[in-house]
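This report is meant to be read beside the sequence and the structure shown below.

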Amino acid sequence: MSKTYYDPSDLRKFGKITEWSEELGNKFFEYYGKVFEEGALTAREKSLIALAVAHTEQCPYCIDAYTKDGLQRGVTKEEMMEAIHVGAAIKSGATLVHGVQMMNKVNKLDG
């Protein structure tokens, strides 16, 4: 397979972001860790949300990480795909609803 810009092995380097900004990197990882702790949502539910967001944000590293995480938490491939479709529906709906801005502008310019 040909080499691409995205290198899956780079995901393992994520923790090294603290090297160039230790304080901010540590604050991020502290926050990130807190977000994924069990709370009103289970870790399994948070993993599914993260997987859907990873797809809408088109982050291949996140897709890899949360696919693996979800599988380890017992998330089925059907649940993963459904979550991705939810994300896609929200993303496309958000795009389309902004069409109202365009319609308002056209109506203002025509009027």
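## Leu41 and the loop between H1 and H2

Leu41 counts as partly exposed, because its relative accessibility is 36%, where buried means under 20% relative accessible area, exposed means over 50% and partly exposed lies in between, with a 1.4 Å probe and protein chains only. Leu41 has its place in the loop between H1 and H2, helices being DSSP runs of H or I of at least four residues and strands DSSP runs of E of at least two, numbered from the N terminus. Not counting residues up to four places away in sequence, Leu41 touches Lys46 and Ile49, contact meaning heavy atoms within 4.5 Å.

## Basis of the model

The model is predicted, and local features need pLDDT of at least 70, while side-chain atom pairs count only at pLDDT 80 or more and totals for chains, interfaces and linings use all residues. Residues are numbered from 1 along each chain as its sequence is written, and side-chain values use heavy atoms, with hydrogens and water left out.

Lys16 is exposed, because its relative accessible area is 51%, whereas Ile17, at 41%, is partly exposed and Thr18, at 17%, is buried.

Leaving aside neighbours within four places in sequence, Ile17 is in contact with Phe28 and Phe29, and Thr18 with Gly25, Asn26 and Phe29. Ile17 and Phe28 are 11 residues apart along the chain, and their C-alpha atoms are separated by 9.8 Å. For Lys16 and Lys46, 30 residues apart along the chain, the separation between C-alpha atoms is 24 Å.

Most residues other than glycine have a negative phi. Gln58 is also exposed, because its relative accessible area is 66%.

Asp64 is found in helix H3 and counts as partly exposed, because its relative accessibility is 36%. Not counting residues up to four places away in sequence, Asp64 touches Tyr6, Pro8 and Leu11. Asp64 and Ala54 are 10 residues apart in sequence, with 9.1 Å between their C-alpha atoms.

## The largest pocket

The largest pocket holds about 500 Å³ of space and is lined by 19 residues, of which Phe14, Tyr32, Cys62, Ala65 and Tyr66 lie nearest its centre. The elements that give two or more residues to this lining are helix H1 (22-35), helix H2 (43-56) and helix H3 (60-72), and H3 gives the most, with six residues. A pocket here is an open set of points on a 1 Å grid over the protein atoms alone, where a 1.4 Å probe fits and protein lies on both sides within 12 Å along at least five of seven lines, and lining residues have an atom within 4 Å of a point. The volume is the space filled by probe spheres set on the points, which are joined across faces, edges and corners.

The lining divides into 14 nonpolar residues, no polar ones and five charged ones. In this division Ala, Val, Leu, Ile, Met, Phe, Trp, Tyr, Cys and Pro count as nonpolar, Asp, Glu, Lys and Arg as charged, and the others, Gly among them, as polar.

## The largest nonpolar core

Eight residues make up the largest nonpolar core: Leu48, Ala50, Leu51, Ala52, Tyr66, Val75, Met80 and Ala83. H2 and helix H4 (77-97) are the elements that give two or more residues to this core, and its largest share, four residues, comes from H2. A nonpolar core is a set of buried Ala, Val, Leu, Ile, Met, Phe, Trp, Tyr and Cys residues joined through side-chain atoms within 4.5 Å. Within the chain, and not counting residues up to four places away in sequence, Ala83 touches Leu48 and Ala52.

## The annotated span

An unreviewed UniProt entry carries the annotation "domain: Carboxymuconolactone decarboxylase-like" for residues 23-101; UniProt positions are given in the numbering used here, feature names are shortened, and annotations may be inferred rather than shown by experiment. In the model, residues 23-101 are 81% helix and 0% strand, and the end C-alpha atoms of the span lie 41 Å apart.
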